[in-house]
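I opened the model and kept notes as I went. The entries follow the order in which I looked things up.

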Amino acid sequence: MRHGLKNNVGERKKFRAVFVRMGKKTGFKGYSEETILLTNVTDTETGRLVTDHVWLNLTESFLSAGAKEGMTIEFEARIKEYAKGYVNKRYKIDLQKKDFKLSHPKKFRVATS
């Protein structure tokens, strides 16, 4: 669980992270979507680590920043709550838990230490 994000649900904040690599996921109707993996995500305002990693959709804003693997980047994102886990309505199994994510990332730029 990403406890570092819990107190700021609904807010748009600025974050700093290390770009690790690109990936892919199966999106709506089975189409492949490109993603990016960011690690050591910190809140730039407080300097506190909010999560060890996060996967985000690849956006034009990220591409225009020109980040390479291993570079530190800064970006803005909204903090949202979501349910994750296993649900089987037929057998009345609900193993969902609340967690927090970063959504609608924008304004990516390569950070200058």
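**Entry 1: the fold**

I read along the sequence and noted the pattern β-β-β-α-β-β-β-β for the protein chain. That comes to one helix and seven strands. I am working with a predicted model, and I keep that in mind throughout.

I took the box along the principal axes next. The C-alpha atoms fill roughly 55 × 35 × 20 Å. I then checked burial: of the 113 residues in the protein chain, 33% are buried. I also looked at contacts between residues at least 6 apart in sequence. Of these, 60% join residues at least 24 apart.

**Entry 2: the sheet**

In which order do the strands of the open sheet stand? I traced β3-β2-β1-β4-β7, five strands with antiparallel pairing. The edges are β3 and β7; each has a single partner strand, so one side of each has no neighbour in the sheet. From one strand to the next, the twist averages 35 degrees.

I went through pairs in turn. Strands β1 and β2 are antiparallel and share ten bridges. Here I found K24 opposite E34 in β2.

Next came β1, residues 12–26, against β4, residues 72–84. This pair is antiparallel too, with seven bridges. I looked up V18 and found T72 in β4 as its bridge partner.

Then I moved to β4 and β7, the latter covering residues 97–110. Ten bridges join these two strands, and they run antiparallel. For I73 the bridge partner in β7 is V110.

**Entry 3: the core**

Which residues have the most contacts inside the largest nonpolar core? I listed F15, L38, V41, L56, F75 and L102. The core has 19 residues. I then asked which strands supply at least two residues each, and noted β1, β2 (32–43), β3 (49–57), β4 and β7. The largest share, four residues, comes from β4. As background, I wrote down that nonpolar side chains tend to be buried together in soluble globular proteins.

Leaving out residues up to four places away in sequence, L56 touches T35, I36, L38, F75, L102, P105 and F108. L38, F75 and L102 had already turned up among the core residues with the most contacts.

I placed D99 in strand β7. Is D99 buried or exposed? Its relative accessibility is 3%, under the 20% cut-off, so D99 counts as buried. I looked for a side-chain partner and found K84, in a polar contact of 3.2 Å with D99.

**Entry 4: salt bridges**

I counted eight salt bridges. I followed E74 in some detail.

The side chain of E74 meets that of K14 in a salt bridge, 3.7 Å from N to O. E74 is in strand β4 and K14 in strand β1, 60 residues apart, and the pair links distant parts of the chain. E74 counts as buried, at 5% relative accessibility. K14 counts as partly exposed, at 36%.

E74 also forms a salt bridge with R16; their closest N and O atoms are 2.4 Å apart. Again strand β4 meets strand β1, so this pair ties together parts 58 residues apart in sequence. R16 has a relative accessible area of 26%, so I noted R16 as partly exposed.

Which residues are linked with E74 in a network of salt bridges? I found K14, R16 and R109.

Last, I checked E81 and K98. They form a salt bridge, with the closest N and O atoms 3.9 Å apart. E81 lies in strand β4 and K98 in strand β7, so the pair ties together parts 17 residues apart in sequence. E81 is partly exposed at 41% relative accessibility. K98 is also partly exposed, with a relative accessible area of 49%.

**Entry 5: looking back at β4**

Strand β4 pairs with β1 over seven bridges, and ten bridges join β4 to β7.

Note on methods. Residues numbered from 1 in each chain as written. Predicted model: local features only at pLDDT ≥ 70, side-chain atom pairs only at ≥ 80, totals over all residues. Heavy atoms only, no water. Pairing = 2+ DSSP bridges. Core = buried A, V, L, I, M, F, W, Y, C linked by side-chain atoms within 4.5 Å. Buried < 20%, exposed > 50% of the residue type's maximum accessible area, 1.4 Å probe, protein only. Contact = heavy atoms within 4.5 Å. Polar contact = N/O pair within 3.5 Å; in protein donor to acceptor, adjacent residues only side chain to side chain. Salt bridge = Lys/Arg side-chain N within 4 Å of Asp/Glu carboxyl O. Axes fitted to C-alpha atoms, helices over the stretch in contact; angles between N-to-C directions.
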